[in-house]
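Subject: Handing over a structure

Hi there,

Here is the structure I promised to pass on to you. Have a look at it first, and then read on for what I found.

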Amino acid sequence: MIEQTVFYFFAGLLLLAATMVITVKNPVHAALSLVLAFFCSAAIWLLLQAEFLAIVLILVYVGAVMVLFLFVIMMLDINLTVLREGFSRFLPVGISVAVLMAVSMGLVITSGRFTTGGNYEALKHAADYSNTRELGIALFTDYLYPFEIAGAILLLAIVAAISLTLRKRPDTKTPKVEKQVAVHRAGHVRLVRMEAEKE
Amino acid sequence: MFGFLRDNVWSPLAGAVLSQPYDGYAVYLLDVLIKIIVVVACVLFTFAYTTYAERKVSAWIQLRIGPNRVGVFGFRMFGLAQPVADGIKAIFKEIIIPTRASKLLFVLAPILALGPAFAAWAVIPFNDVMVLADINAGLLYIIAMTSLAVYGIIIAGWASNSKYAFLGSLRSAAQIVSYEISMGFALVCVLVAAGSLNLGDIVNAQSGKYGFLNWYWLPLLPMFYVYFVSGLAETNRLPFDVVEGESEIVAGFHVEYSGIAFATFFIAEYTNMILISILTSILFLGGWLSPFQGIPVVGAPSIFWLLGKTALFLFLFLWIRWTFPRYRYDQIMRLGWKVFLPITIVWVVVTSVMVVAKVPPWFS
Amino acid sequence: MLEHYIPILIFIVIGLGLGCVLFLLGYVLGPNRPDSEKNSPYECGFEAFEDARMKFDVRYYLIAILFIIFDLEIAFFFPWAVVIREIGMTGFWAMMIFLGVLTIGFVYEWRKGALEWE
């Protein structure tokens with residue numbers, strides 16, 4: 001009973017938040033609606049007993065990815081009127097992409113792979129079941145190769161991010177800490193003995 | 001004070017709760033609610049007296065007396081009623097919402113700062129049985145909740161539409177995000193050592209016949225240090241408080257906030273500080289375990305050990321604040337990325353080698 | 001497992017509720033005397049002469065992107081740390097290779113000067 005109430009609450013909130021992402025005018029509000037949507041989906045994953053994935057969804061998407069989104073949206077100073085100008089011009093492309101996505105989603109949902117096979121109750125685990133542990137054992141025995149590929153992709157992401165964003169400007173100065181630390185008194189301070197001045 | 005929390009009345013109910021008719025979980029929910037209110041009240045109480053302690057400690061460090069006037073019915077009692085007076089004052093002040101601010105987000109920001117700061121307390125164990133939500137992924141939950149702290153700050157800075165607030169929130173976000181990585185790796189070390197994400201299990205894994213030498217501060221000494229210092233940076237405390245930097249950007253992200261809205265940020269900051277202190281005690285100093293394992297009476301594990309250790313770290317927070325000058329921003333980023341991150345990566349390897357090699361007495 | 005999350009759900013609701021209650025208390029009990037000077041954004045005494053939301057150094061975005069990557073890496077570490085005693089040497093070395101690959105990335109960003117602040 002509680003479970004169903006919680007599910008319908010979060011599912012409804014998720015739909016609402018997702019709708020708001022694409023309908024609200026202010027991009028910051030849209031990003032925050034997306035955060036809410038992530039929260040609701042985490043709650044739904046939790047209802048499916050996917051403890052680890054639910055919390056990682058919050059950790060990675062809400063705690064990291066959306067922070068970047070907010071950063072970009074808040075600081076890029078997007079001019080909305082300029083963005084709206086091209087609306088009618090891009091409309092045909094937009095509609096065709098939307099139709100494509102709707103069709104592919106429909107194909108996936110009707111493919112019969114999205115049923116629980118009626119034995120959802122069997123998915124429930126005892127209180128001491130550790131989702132993280134099961135996932136770890138699967139990941140580091142059967143799925144070692146994909147795991148290493150994930151590592152390589154992350155490396156690629158680091159290199160790509162740096163080469164895309166890093167611009168060296170000639171007029172900037174960076175403190176050389178090793179030089180600062182290596183400074184000795186002798187090279188910089190000279191003690192001078194002076195006679196006391198008299199009237 | 002925690003007596004009724006200890007007799008875990010609801011755990012037999014808990015297993016059946018999802019299938020029980022109304023009566024079963026009404027009792028259960030009431031029980032949970034009471035426990036949550038007790039935990040929240042205790043955290044708020046600690047918050048109030050940490051602000052008092054902060055003023056007293058700073059006064060002693062600077063050879064002053066500190067607050068000593070506010071009392072009850074003419075009894076001054078060293079100014080112990082000061083936090084109450086502060087609270088009442090904050091509530092009766094006007095909440096100023098700047099004209100050009102985004103009103104909704106401006107109001108939402110302090111609430112978003114406070115929510116996660118309190119939510120993290122749901123999984124903190126106070127002793128072997130006194131824990132609200134004994135989830136398997138406790139540590140993961142904590143790290144997820146602390147990573148949300150940045151939202152209150154970013155939104156506050158942006159919604160205020162003030163240059164100082166904006167600068168403060170930007171600095172703060174980059175700083176928090178940088179130190180979160182070292183913090184995460186330090187937690188991974190503890191995890192590798194304990195082999196469990198459950199905070200209670202982590203404490204119990206630290207018990208042994210050598211008392212305090214069995215705790216993880218010793219094999220994970222660099223991580224202990226990195227975690228606590230990152231905690232200072234995460235909570236924007238001195239020496240990492242460029243977020244507020246009075247002399248540069250006035251008060252940072254909350255410059256436009258007044259009255260209780262400001263106080264809410266204040267509560268969130270101190271709640272996070274108390275959380276970091278209690279987590280450091282749990283993860284590295286054996287939580288409720290006694291340092292004198294094996295000796296009668298004083299060797300028994302007790303919640304008072306945990307509270308004592310937490311108080312010690314809280315005092316350290318205050319002591320550090322009034323002792324060190326503020327770091328420069330580039331120095332903060334350097335420390336996070338170029339010093340702490342390499343150390344933590346190396347120590348993850350060292351810890352896992354120790355675990356695989358079963359180094360006694362911790363990992364045998 | 002789910003029954004452990006009910007207290008958390010309630011706790012989150014109470015945490016957010018506390019913030020709302022505090023704000024409402026302040027709103028109801030505090031005075032409300034708006035004033036155009038008082039409500040203008042703080043700027044050392046003069047009028048604000050441009051929008052406060054300005055463009056920022058790309059470095060901040062770089063920090064945020066690198067943070068995401070390392071955060072993901074930490075997310076991979078969590079299940080590994082829990083099962084390190086059970087997966088044996090294969091699992092251990094698999095993670096060491098993963099860590100090695102990412103250390104290459106870290107060294108790259110260091111050498112490229114992505115971590116320098118001026």
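How does the overall size of chain B compare with that of a compact globule? A compact globule of 364 residues would have a radius of gyration near 21 Å, and chain B, with 22 Å, agrees with that. Along the principal axes, the C-alpha atoms of chain B fill a box of roughly 60 × 55 × 45 Å. Of the 364 residues in this chain, 55% count as buried. Contacts in chain B also reach across the sequence: among those between residues at least 6 apart, 74% join residues at least 24 apart.

A word on confidence. The average pLDDT of chain B is 83, and 90% of the residues score at least 70. Residues 1–22 of chain B are another matter, with a pLDDT below 50, although this stretch has 30 contacts in the model beyond near neighbours in sequence. Where pLDDT is low, the predicted coordinates should not be read in detail.

Next, the domains. Chain B is divided into domain 1, residues 17–92, and domain 2, residues 96–357. The C-alpha centres of domain 1 and domain 2 of chain B lie 20 Å apart. Where they touch, 16 residues of domain 1 of chain B are in contact with 14 residues of domain 2 of chain B. On the domain 1 side, the elements that give two or more residues are α3 and α4 (82–91) of chain B. The largest share of that side comes from α3(B), with 14 residues. By class, the domain 1 side divides into ten nonpolar, four polar and two charged residues.

Now to chain C. Its secondary structure comes to three helices and zero strands, which run α-α-α from the N terminus on. Of the 118 residues in chain C, 38% are buried.

On the chain B side, 68 residues of chain B are in contact with 54 residues of chain C. The elements of chain B that give two or more residues to this side are α2 (11–16), α3 (22–61), α5 (103–119), α7 (149–160), α8 (163–194), α12 (259–284) and α14 (329–356). Of these, α8(B) gives the most, with 13 residues. The side of chain B that touches chain C has 46 nonpolar, 13 polar and nine charged residues.

On the chain A side, 48 residues of chain A are in contact with 42 residues of chain C. Here the elements of chain A that give two or more residues are α3 (51–76), α6 (131–139) and α7 (144–165). The most comes from α3(A), with 15 residues. By class, the side of chain A that touches chain C has 31 nonpolar, ten polar and seven charged residues.

Which residues have the most contacts inside the largest nonpolar core? They are Cys189(B) and Leu191(B), in a core of 193 residues. The most residues in this core come from α8(B), which gives 22.

One more residue to look at is Gly15(C), whose place is in helix α1 of chain C, residues 5–29. Is Gly15(C) buried or exposed? Gly15(C) counts as buried because it has 24 C-beta neighbours inside 10 Å, where 20 or more are needed. Leaving aside neighbours within four places in sequence, Gly15(C) is in contact with Leu114(B), Gly115(B), Phe118(B) and Ala119(B). Gly113(C) is 98 residues from Gly15(C) along the chain, and the C-alpha atoms of the two are separated by 42 Å.

I hope this helps you find your way around.

Best wishes

Conventions
Residues numbered from 1 in each chain as written. Chains lettered and ligands numbered in written order. Predicted model: local features only at pLDDT ≥ 70, side-chain atom pairs only at ≥ 80, totals over all residues. Contact = placed C-beta atoms within 7 Å. Helix = DSSP H or I, 4+ residues; strand = E, 2+ residues; numbered from the N terminus. Nonpolar A, V, L, I, M, F, W, Y, C, P; charged D, E, K, R; others polar. Rg over C-alpha atoms; globule rule 2.2 N^0.38 Å. Buried ≥ 20, exposed ≤ 12 C-beta atoms within 10 Å, placed from the backbone. Domains from an automatic or database assignment. pLDDT = per-residue confidence, 0-100. Core = buried A, V, L, I, M, F, W, Y, C linked by C-beta atoms within 7 Å.
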